[in-house]
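Here are a few notes to read with the model open beside you. Take them one at a time, and find each place in the structure as you go.

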Amino acid sequence: MCIDSCTAFVGPYADLDTCPECSEARFDQQWQNRGNKHPHAVFHTIPIGPQLQALWQHPESTEKMHYCRNKTQQILDTLLIDDCLVNMYDDIFCGSAYLQGVYNGTITPDDTLHMISIDGAQLFKSKESDCWIYIWIILELLPDHRYKKKHVLPGAIIPGLKKLKFIESFLSLGLLNVQLT
């Protein structure tokens, strides 16, 4: 990753030797002069695919992971009865963007929906953020289960004091091979 936390050198940035934002060198020049390519900085990611597979395979969580499908069907049934009006907005699945995605087939019953939360974290007293952390919230679960510690899934730990510029580059490794077939 860029030493200034601008981008991760993956995907479209994988072949770059300098950061597209700040032009900092990708590799430490001391090591490169010796014939080795040693990155200035690295970040650590925990891919979501295997974590979701574990949730779908464990008997206790598999049962809980059908909330989205059941809630969506309940909302669709209500829309048919109440002239296409949602009478109570009690979850993200009541929103028009989600329902439009279901209606046009972008979101299917076989999809596992999740959202991301990212923020800087101060690890030591009297300092700015020392790193960035992102987590995954699994929307398939009941709202009162989504934010429980055992269901909030880690995504990555990204060192650096500066704001991330190309967040998608840091997310891409965590999203690789997210097919649950």
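**Notes on the model**

1. The buried residues of α5 pack against α4. Here helices are DSSP runs of H or I with at least four residues, numbered from the N terminus. Buried means under 20% relative accessible area, exposed means over 50%, and partly exposed lies in between, using a 1.4 Å probe and protein chains only. Contact means heavy atoms within 4.5 Å.

2. Before going on, a word on the source. This is a predicted model, in which local features need pLDDT of at least 70 and side-chain atom pairs count only at pLDDT 80 or more, while totals for chains, interfaces and linings use all residues. Residues are numbered from 1 along each chain as its sequence is written, and side-chain values use heavy atoms, with hydrogens and water left out.

3. Which residues of α5 are buried? They are Y98, L99 and G101. These residues cover an arc of only 155° around the axis, so they sit on the same side of α5; the arc is that of the directions from the helix axis to the C-beta atoms. The face turned away from that buried side carries the exposed residues S96, A97 and Y103. Just after α5, G105 takes a positive phi of about 85°.

4. Now look at how the two helices meet. The axes of α4 and α5 are 12 Å apart, and the helices pack at an angle of about 90°. That makes α4 roughly perpendicular to α5, a label for angles of 65 to 115 degrees; under 35 degrees counts as roughly parallel, over 145 as roughly antiparallel, and the rest as oblique. Axes are lines fitted to C-alpha atoms, for helices over the stretch in contact, and angles run from 0 to 180 degrees between N-to-C directions.

5. Which residues form this meeting? From α4 come C68, T72, I75, L76 and L79, which meet Y98, L99 and V102 in α5. By class, the contact has seven nonpolar residues, one polar and no charged ones. Nonpolar covers Ala, Val, Leu, Ile, Met, Phe, Trp, Tyr, Cys and Pro; charged covers Asp, Glu, Lys and Arg; the others, Gly among them, are polar.

6. D91 is worth a visit in the loop between α4 (67–81) and α5 (96–103). Its relative accessibility is 12%, so D91 counts as buried. The side chains of D91 and Y67 are joined by a polar contact of 2.6 Å, meaning a pair of N or O atoms within 3.5 Å; within protein, one must be able to donate a hydrogen and the other to accept it, and residues adjacent in sequence count only if both atoms are side-chain atoms. Leaving aside neighbours within four places in sequence, D91 is in contact with Y67, K71, P143 and R146. The C-alpha atoms of D91 and L139 are 9.8 Å from each other, although these residues are 48 residues apart along the chain.

7. Next, find S61 in helix α3 (residues 59–64). S61 is buried, with a relative accessible area of 6%. The side chain of S61 reaches the backbone oxygen of L55 at 2.5 Å.

8. Finally, compare two serines. Most residues other than glycine have a negative phi. S5 has a positive phi near 65°, and S23 has a positive phi of about 65°. S5 lies in the segment before α1 (29–32), and S23 is placed in the segment before α1. Is each serine buried or exposed? S5 counts as buried because its relative accessibility is 1%, whereas S23 counts as exposed at 52%.
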